[in-house]
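Student: I would like to learn how to read aromatic pairs in a protein model. Where do we begin?

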Amino acid sequence: MATAALTSPSRTGPVLAVVSVALMTVVSAVSGLNVALPDLARETGATQTEITWIVDAYTVVFAGLLLFAGALGDRFGRRGLLVTGLAVFGVAAGLGMLTSDPQQLIALRALMGIGAAAIMPTTLSVITTSFSVADRPKAIGVWVGVAGGGAVLGLFASGLLLEFFSWSSFFGLNVVLAAVALVGTLLVVPRSVDTTRPRLDIVGGLLSLVGVAGAVFGIIEGPERGWTDALTVTALAAGVVALSAFVVWELQTTHPMLDPRLFKNRSFSAGALTIMVQFFATFGLFFVVIQYLQFVVGHSALEAALALLPLPLVMIPLARNAPRIARRVGFRRLAPLGLLLTATGLVVISGVSEELSYGHFALGLVLFAAGMALAGTPSTSAITESLPESKQGIASAVNDTARELGSALGIAILGSVLNQQYRDGMIEAVHGLPPAVAEKAESSVAFTQSDQVGQLGAAADQLVTTAQQAFVGGISGSLLLAAGVVAAAAVIVARLAPGPTARGDSGESTTDESQDEDRLVRV
């Protein structure tokens, strides 16, 4: 058990508000940078590879440290880890405002990733150790709503800042959010720690870092370098070997950081799978749709963010009510329903054309957001309720690692499909053009809208039109693939998740199987 008693009802509201701001700090740093990249590239002179790593250094470090950070919170105290993470994150973001050197920006984004790894799992474990069993599902619903809707709100806030200030204002937003969350944490977040204070699993922590970071690195680099490139293959192989060694080590060590046997708990496994697939779809959607809105429709960064506002407007309030719905219909029914709604939304959005029909587009966003909200909250609850209170840092870290792996897979796979279909659609259009122009036009729709293409005369208009058609074809293909993955996951979760056999005083569904496995975890 944690040392701190449950937070009094009069303080749970402020605690939830503070951890929501802390979570928004991390989530907005993932999504908001996307709208600042064009200005950043022009003003810093960063190459395309450097731009890629300014984004990805954060994700690789973040994902690689999540599990170990959760264990640190359980061992040394969740409040202290949250304070440390917010301080590191805020200082790194502040330094990012003061430099225009791409290499320094890459290093600072990696440092921000270290801070984010300390923040994100801790926000959820603070909720699960501070709120009563009756209040916890609703609080988790708010957390899920902020985690999903916050990505779009981060895009909107960054787009708004860029209308008036330079690209570095994105880092200023990070600093302000981190400072507000830090002050709030010091004032209202209670102390909690695992009283058994188990020995830290250093070997497991290193193996998880190498395994997750290697896998994410390979997934990110695959579409850019090619899946047979030596660096890509080496990173993926290192990730697989390290993750395999992690499983073997965790099965035999006396104080495992994450016991792989936990995945025998069907609720735990179904929840983790649902979360990973949802974020596969979400960040894959962001990656391709933001490009569509800017390159094809012609929206500015702010206009593109505004076009996505149906997502948080639907997701945040519905996620708050998802626990009440889950109590009535059960996780086994609600999670697959949510995934199917998400898949349906992707199918609808995949029907976009060169001319934006916003009503059609918004309908797809509403369906997508409703599915995310309905499946996300009960899935997160399934994960956190599968472990005892003393291990909520690890439960939160598993939840967050599933999100980050899903995000990396979504961007890599959907981006690869988009690029390949775009290239295929441009083969005939670039025939007869100067080799240098043809190569650039095949590799980037942005290049087809540059002044260099405008000098081609009459051929320029046809090239631009074909590029937009090829790009829209790639959007459709990638989103249909994502819809298929999400629909398949819905079927698996429907079969994997246990059905309710009893209902406790709090109204939460329980199963004979999960009760037995929880006893094993506590032993």
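Tutor: Start with the cut-off: rings of Phe, Tyr and Trp pair if their centres lie within 6.5 Å. Keep in mind that this model is predicted.

Student: How many aromatic pairs does the structure hold?

Tutor: There are 10 aromatic pairs.

Student: How is a pair described?

Tutor: By the distance of the ring centres and the angle of the planes. Planes over 60 degrees apart count as edge-to-face. Take Phe-263 and Phe-268: their centres are 5.0 Å apart, with 75 degrees between the planes. That pair is edge-to-face.

Student: What is the geometry of the pair Tyr-422 and Phe-471?

Tutor: The centres are 6.1 Å apart and the planes sit at 75 degrees, so this pair is edge-to-face. Tyr-422 lies in helix H15 and Phe-471 in helix H18, so the pair ties together parts 49 residues apart in sequence. Tyr-422 is buried, at 4% relative accessibility. Phe-471 is buried, with a relative accessible area of 4%.

Student: Which residues do ring pairs link into a cluster?

Tutor: Tyr-58, Phe-62 and Phe-89.

Student: What does Leu-308 touch?

Tutor: Its partners include Val-152, Leu-155, Phe-286 and Phe-361.

How values were computed
Residues numbered from 1 in each chain as written. Predicted model: local features only at pLDDT ≥ 70, side-chain atom pairs only at ≥ 80, totals over all residues. Heavy atoms only, no water. Contact = heavy atoms within 4.5 Å. Phe/Tyr/Trp six-rings, centres within 6.5 Å; stacked < 30°, edge-to-face > 60°. Helix = DSSP H or I, 4+ residues; strand = E, 2+ residues; numbered from the N terminus. Buried < 20%, exposed > 50% of the residue type's maximum accessible area, 1.4 Å probe, protein only. Lists of a residue's contacts leave out its neighbours within four places in sequence.
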